[in-house]
Amino acid sequence: MQKQSAETLAQGLGWFSIALGAAELAAPRAMSRALGMEDRAGLIQAYGLREIATGIGILASDQPKPWVWGRVAGDALDMATLATGLADGKRGAVGAAMGGVAAMAALDWYCANQLGEAREARPMRDYSNRTGFPDTPEHMRGQAARDATILSPLL
Amino acid sequence: MRALCYHDKHDIRCDTVPDPEIEHPRDAIVRVTSCAICGSDLHLYDGFMPGMLSGDIIGHEFMGEVVEVGAANKKLKVGDRVVVPFTITCGECDQCRRGNFSVCERSNRNKAMADKMFGHSTAGLYGYTHLTGGYAGGQAEYVRVPYADSGPVKIPDGLTDDQVLFLGDIFPTGWQAAVQCDIQPTDTVAVWGAGPVGQFCVRSAILLGARQVVVIDNVPERLVMAEAGGAIPINFDEESVLDRLGELTGGKGPEKCIDAVGMEAHVNRSVDSIYDRVKQAVMLETDRAHVLREMIYVCRPAGTLSIPGVYGGLVDKIPFGALMNKGLTVRTGQTHVNRWTDDLLHRIEAGQIDPSFVITHKASLEDGPAFYKTFRDKQDGCVKVVLQP
């Protein structure tokens with residue numbers, strides 16, 4: 001995968017994160033009921049905030065890689081939370097949700113691995129002789145101000 | 001012919017396209033010998049400017065040899081060597097006659113669209129969105145130059161392309177930014193951004209006699225280049241801009257501030273720059289205005305803000321109360337290139353300045369797309385890329 005495609009995928013994941021987070025914030029009870037985990041509505045809202053923050057981080061950052069890794073960590077947290085629902089929740093719904101999270105985790109993992117590293121350290125070019133002037137800046141200071149032709153009559 | 005074409009955000013390609021033709025008796029066709037990638041081209045590359053279509057030829061800094069002239073064009077002849085200003089000017093409208101070339105009333109053929117967006121249109125520009133006329137740009141082997149008996153600047157023998165190419169944009173842009181500051185011998189001029197325009201702002205401010213010139217950036221090579229031109233560098237990654245400017249001005253702030261950054265201000269650790277980046281990412285704001293806010297805050301009361309940096313749309317959280325109560329003067333605009341070219345050409349001929357100092361990379365047109373990325377990411381010490389078709 002080219003780096004540009006990975007960046008496009010990361011952007012998609014960022015928007016997905018924001019959309020999922022908004023849904024978790026807006027309808028935590030409906031989600032928790034669907035999973036048979038009614039006592040986790042507050043936790044789902046908190047996870048919604050996490051998703052939105054991660055999504056904004058991915059979209060806003062010039063280097064989205066750490067934020068995508070943040071999504072991977074969030075996926076692990078989601079899996080752990082859902083696993084607790086296997087015992088006392090709706091096993092079918094929880095299982096399906098875990099499958100979805102696992103698929104997203106794989107995509108997140110893939111994307112994070114494909115994204116480029118931050119700019120590497122490199123030798124610095126030396127432009128200390130690039131004055132643009134025939135003499136030292138101190139000598140050139142004010143040369144145009146002393147030149148009667150400088151200001152256009154149009155100004 | 002070969003030309004660099006915009007296809008999408010971060011997708012610029014060297015394509016084969018039809019050669020341009022004379023469309024109006026005042027036109028000329030120029031064979032491009034040198035062209036450059038401008039910082040404002042990066043706003044197109046990064047997808048921040050509306051009105052670009054796939055296949056548009058980009059580039060607005062170019063020069064070359066006249067190879068064809070329209071029947072009504074009495075100024076140019078085949079074989080003339082010209083630098084073409086990035087603003088297309090008719091030379092006859094009320095604004096052109098007043099020297100306000102960048103707001104020529106006739107050259108934007110999509111004027112109605114720009115009127116809707118800005119209230120009143122600016123001039124037509126080469127290779128810079130359909131809002132400014134949708135004209136084919138100069139990162140190409142040939143360019144059609146409209147109103148070619150008005151804008152192009154004839155170059156005398158003996159001067160190289162590297163010496164004069166930047167007369168079409170960044171040299172007069174830096175010069176106008178400094179002139180708009182009305183620099184006095186006692187002034188401190190602070191320049192945000194040590195990119196190509198910032199470099200010319202520094203040298204212009206020195207030539208115009210500023211007591212001290214300060215430049216603010218975080219790219220070490222660019223700061224060194226600005227220092228070579230007489231500026232005191234501030235690396236905002238390493239020290240507080242406000243504290244350092246305070247130290248340099250006895251706590252009073254610089255009298256004159258120049259924004260040579262524009263809409264894509266670097267996202268640093270400041271709260272407002274992160275706020276801008278987030279709002280921009282979720283499409284609630286178009287431009288990142290950290291530099292504007294910092295200039296308003298730090299500028300000495302009754303001082304001047306000069307803004308050559310390009311802004312395209314909307315910004316928010318501008319401390320207008322500070323701007324008003326401090327009595328700051330704001331001067332901005334696209335560059336009235338032809339207002340300055342005769343004078344600046346004379347200065348180059350006289351040896352007062354050699355603009356080629358800013359060129360750090362040269363490449364073929366085919367390598368142009370890769371150099372957009374090199375320039376955007378400031379890799380390999382890249383300050384200015386010149387392409388030779």
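Student: How many helices and strands does the secondary structure of chain A come to?
Tutor: This is a predicted model. From the N terminus on, the elements of chain A run α-α-α-α-α-α. The count is six helices and zero strands.

Student: What share of the residues of chain A count as buried?
Tutor: Buried means under 20% relative accessible area. Chain A has 155 residues. The share of them that count as buried is 37%.

Student: Among contacts in chain A between residues at least 6 apart in sequence, what share join residues at least 24 apart?
Tutor: Take the contacts in chain A whose partners are at least 6 residues apart in sequence. Then keep those that join residues at least 24 apart. Their share is 69%.

Student: Is A:Ser32 buried or exposed?
Tutor: A:Ser32 is found in helix H2 (residues 28-35) of chain A. Leaving out residues up to four places away in sequence, A:Ser32 touches A:Met37, A:Glu38, A:Ala41 and A:Ile44. Its relative accessibility is 2%, and the limit for a buried residue is under 20%. So A:Ser32 counts as buried.

Student: How many Å apart in space are A:Ser32 and A:Gly42?
Tutor: In sequence, A:Ser32 and A:Gly42 are 10 residues apart. In space, the distance is taken from C-alpha to C-alpha. It comes to 9.3 Å.

Student: How much area is buried between chain A and chain B?
Tutor: The size of an interface is often given as the accessible area lost when the parts come together. Here, 36 residues of chain A are in contact with 48 residues of chain B. Carbon and sulfur atoms give 56% of the buried area. The total is about 3400 Å².

Student: Which residues in chain A lose the most area to chain B?
Tutor: Look at the chain A side of the interface. Three residues together make up 19% of what that side buries. They are A:Tyr127, A:Arg130 and A:Arg141.

Student: Chain B is divided into domain 1 and domain 2, so where do the bounds fall?
Tutor: Domain 1 is written in two stretches, 2-168 and 336-388. The C-alpha centres of domain 1 and domain 2 of chain B lie 26 Å apart. Domain 2 of chain B is 171-332.

Student: Which three residues supply 26% of the area that domain 1 of chain B buries against domain 2 of chain B?
Tutor: In chain B, 31 residues of domain 1 are in contact with 22 residues of domain 2. The two domains bury about 2400 Å² between them, 74% of it on carbon and sulfur atoms. On the domain 1 side, three residues supply more than any other three. They are B:Phe48, B:Trp340 and B:Phe357.

Student: Why does the second largest pocket lie between domain 1 and domain 2 of chain B?
Tutor: The second largest pocket has a volume of about 760 Å³. Of the 32 residues that line it, the closest to its centre are B:Phe118, B:Tyr311, B:Gly312, B:Thr332 and B:Gly333. Elements that give two or more residues to the lining include helix H3 (111-118) and strand E16 (329-332) of chain B. The pocket lies between the domains because its lining takes residues from both domain 1 and domain 2.

Student: How many charged residues are in the lining of the second largest pocket?
Tutor: The lining of the second largest pocket has 21 nonpolar residues. Another 10 are polar. The charged count is one.

Student: How much space lies in the largest cavity?
Tutor: A search of the whole structure finds one cavity of 30 Å³ or more. Its lining includes B:Val84, B:Tyr126 and B:Pro152. The lining residues divide into eight nonpolar, three polar and no charged. The space is about 50 Å³.

Student: How many residues of helix H5 of chain B are buried?
Tutor: Helix H5 of chain B covers residues 170-179. What covers its buried residues includes strand E5 (61-69) and helix H12 (337-349) of chain B. Among the buried residues are B:Phe171 and B:Trp175. The count is 10 of 10.

Student: What is phi of B:Asp380 near?
Tutor: B:Asp380 is in the loop between helix H13 (368-376) and strand E18 (385-388) of chain B. Most residues other than glycine have a negative phi, and most peptide bonds are trans. Phi of B:Asp380 is positive, near 55°.

Terms used: Residues numbered from 1 in each chain as written. Chains lettered and ligands numbered in written order. Predicted model: local features only at pLDDT ≥ 70, side-chain atom pairs only at ≥ 80, totals over all residues. Heavy atoms only, no water. Buried < 20%, exposed > 50% of the residue type's maximum accessible area, 1.4 Å probe, protein only. Helix = DSSP H or I, 4+ residues; strand = E, 2+ residues; numbered from the N terminus. Contact = heavy atoms within 4.5 Å. 1 Å grid on protein atoms, 1.4 Å probe; cavity = no way out; pocket = protein on both sides within 12 Å on 5 of 7 lines; lining within 4 Å. Points joined across faces, edges and corners; volume = space filled by probe spheres on them. Nonpolar A, V, L, I, M, F, W, Y, C, P; charged D, E, K, R; others polar. Domains from an automatic or database assignment. Buried area = accessible area lost by both parts, 1.4 Å probe.
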